[in-house]
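Welcome! Take a moment to turn the model around, and then we will walk through it together.

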Amino acid sequence: MEGAGGLDNPAFVPSSPGPRRHLPASLAEVEVSVFSGPGEELPLPQPLAQPPPAQPPELEEGPCGCGRFTPQCLQRCNNPKGFLFHYCLLALTQGIVVNGLVNISISTVEKRYELKSSLTGLVSSSYDISFCLLSLFVSFFGERGHKPRWLAFASFMMGLGSLIFSLPHFTSGEYHFGSKFEDTCPVTGNSSSCRDSTSKLSSYLYVFILGQLFLGVGGTPLYTLGTAFIDDSVPTHKSSLYIGIGFSMSVLGPAIGYVLGGQLLKIYIDADMGKRAFINEDDPRWLGAWWIGFILSWFLAWSLILPFSCFPKHLPGTAEIQAGKISQAHQNESDTKTTDKNFGKSIKDFPASLKILLRNPVFMCLAMSTATEALISTGFATFLSKYIENQFGLSSSFAATLGGVVLIPGAALGQILGGVIVSKFKMACKNIMKFSLLMSLLSLVLSFIFLFAKCGNEPFAGVSEAYNGTGELGNLTAPCNVNCNCLGSFYFPVCGRDGVQYFSPCIAGCKNSVPNSQPKTYNNCSCIGRTKQMMSSAESLSFEAKAGKCGTHCTNLPLFLGFFFVTIVFTFMAGTPVTVAILRCVNNQQRSLALGVQFVLVRLLGTIPGPIVFGFAIDNSCSLWDINECGIRGACWLYDNARMAFMLVGISVGCKALTILFNILAIFLYKPPPSGTHVTFQSENVVVASVPVEPDHSKTRHDG
């Protein structure tokens, strides 16, 4: 490529199987050979022998260390594998905090600081808001900067965000729980009135938002500049493998966050104050130590600041690797400005850079395909456990465990497999897009498993089953419990010996409970019928109801989990290849900005609306809503399983179809570089030579 403004990442491309030399361009010496025919080489005049030229600043390589402190032991990490190790740790930390600890702690934070669900939703969205606002600018200015130091800055901001998120625990004082909640009939101490009081604790909302904003600032360089740095430092055919391993760590992070957060919630919230609670985890008043995980993440993130600061601007061997790469960028008439060495260094170039990317149809199609896939992925990540819980009659904790066992390993395996396959077969840009299209088609076909693995609803008193022949459907109150003063907002399901599920022990009319029984059992239940004998005679004599949902007669759970795991694997097998295709179809100078634009689209069109769209669909399948004393509708207690399955299939198929459409458009619109391309070798002030060369057919796989 020719330009008038200086050196643009020179690439020495061999034209024949004959002798080849890969030398970085410099201010003092440039060697150029013109090949006039097979085996015939006409050397251009060369300057007299001079000392080895200095590396150009954009390919500045160096030892690992701090200033003049560069001990030999640190040089063992001064390679792509060493950088990938620290990159994986940072991606793991980000996943643990943002997608693990925050999500699992949000309900505890709601109760402790008396926040509404709509406000905690704002807390969750603050990360994406921060990411979207900064992504374009960070990726634009960081492309020519010191990328490892940007990741050191990311580590600092992630640690600071984790620390700020945990601060309310240390400044809000001791947690005081109220009197014990009675769940049997008649209820005398659970009456409540309609009041809307604002607590001072709710002002901590702004601290949580600030913490999430800082976490978003830290996450921005990680997936833009960090990914581009890996692509800089390894050969083309290995890039997908390294990126796939890094992305798999970001998927594994939430799993670790959920497991760690779940274990920490078993510790009493004020354990650091030497306080002991006389309540256990089964008590609704129990709150766990949600804050410990954020303190640990703070230390882990800040421990990575020094290692990233010690890496050089470019790893040793980067210049040689860059010289051996052949451009696969989509040929676009509007990208001539990128040949200027100084293009992209000024804020004035930002609109032009953004315009070039937005006018690249292949890049835009690939970015849109990742956004539609992200909508599905985040939707299922948010509501998969709820789907399993309601479809198959499982407890929320067990459903969450099954969802994590299927979703997290499937996503990580898919990311790695996609990168390995692309790397193994050394796919060029067009073949990478074809591979992604095939994976999307397979996952589309498997999405229909929801229609075949769904389950019907079990009998539920007051919704689908009358109270022993009394009461009305759609009303939880019946003659058998009308005098119990039950709260409609206290959902604690029990299964009667008649095989019918009841909203709570109070709604079932149970007057006594058996102490220290596991699970908790109840007797003297006026609403439970005696016509069916769903339990053994020994059980029916000992109690009339037991805590928990009734067991389901549906046996489709193994079928669903198996096929859903395969669907997740195929879905994420397209993730890493699409990212690699984006890096290939844009100019070398615009890779970081391209990733920034991609992630903005992913956030705006995928991860932000995804949970909203899925939540709207699931709410539309609700059969029983929580209505509080003020007449305000709250959470949904019971869903129509068949309607829920059809709604989720509709969303999945629609988004998958859009993904496939965008992939097809990208394949047809892609124009690879011509076989004869111009490689320009430039000095600081003048163009030394411009030579048409042929790509090395022995080392490059061509697209079909």
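How do the residues of the lining of the largest cavity divide into nonpolar, polar and charged? There are seven nonpolar, eight polar and three charged; here Ala, Val, Leu, Ile, Met, Phe, Trp, Tyr, Cys and Pro count as nonpolar, Asp, Glu, Lys and Arg as charged, and the others, Gly among them, as polar. Before going on, note that this is a predicted model, where local features need pLDDT of at least 70, side-chain atom pairs count only at pLDDT 80 or more, and totals for chains, interfaces and linings use all residues. Residues are numbered from 1 along each chain as its sequence is written, and side-chain values use heavy atoms, with hydrogens and water left out.

The partner of β5 is β6 (residues 521–525), which runs antiparallel to β5 and is joined to it by four bridges. Across this pair, serine 513 stands opposite tyrosine 522 of β6.

Buried residues (under 20% relative accessible area, 1.4 Å probe, protein chains only) in α15 include Leu557, Phe560, Leu561 and Phe564. Residues three or four places apart in an α-helix point the same way, because there are 3.6 residues a turn.

Terms used
Two strands pair if DSSP finds at least two bridges between them. Helices (H or I, at least four residues) and strands (E, at least two) are DSSP runs, numbered from the N terminus. Buried means under 20% relative accessible area, exposed over 50%, partly exposed in between (1.4 Å probe, protein chains only).
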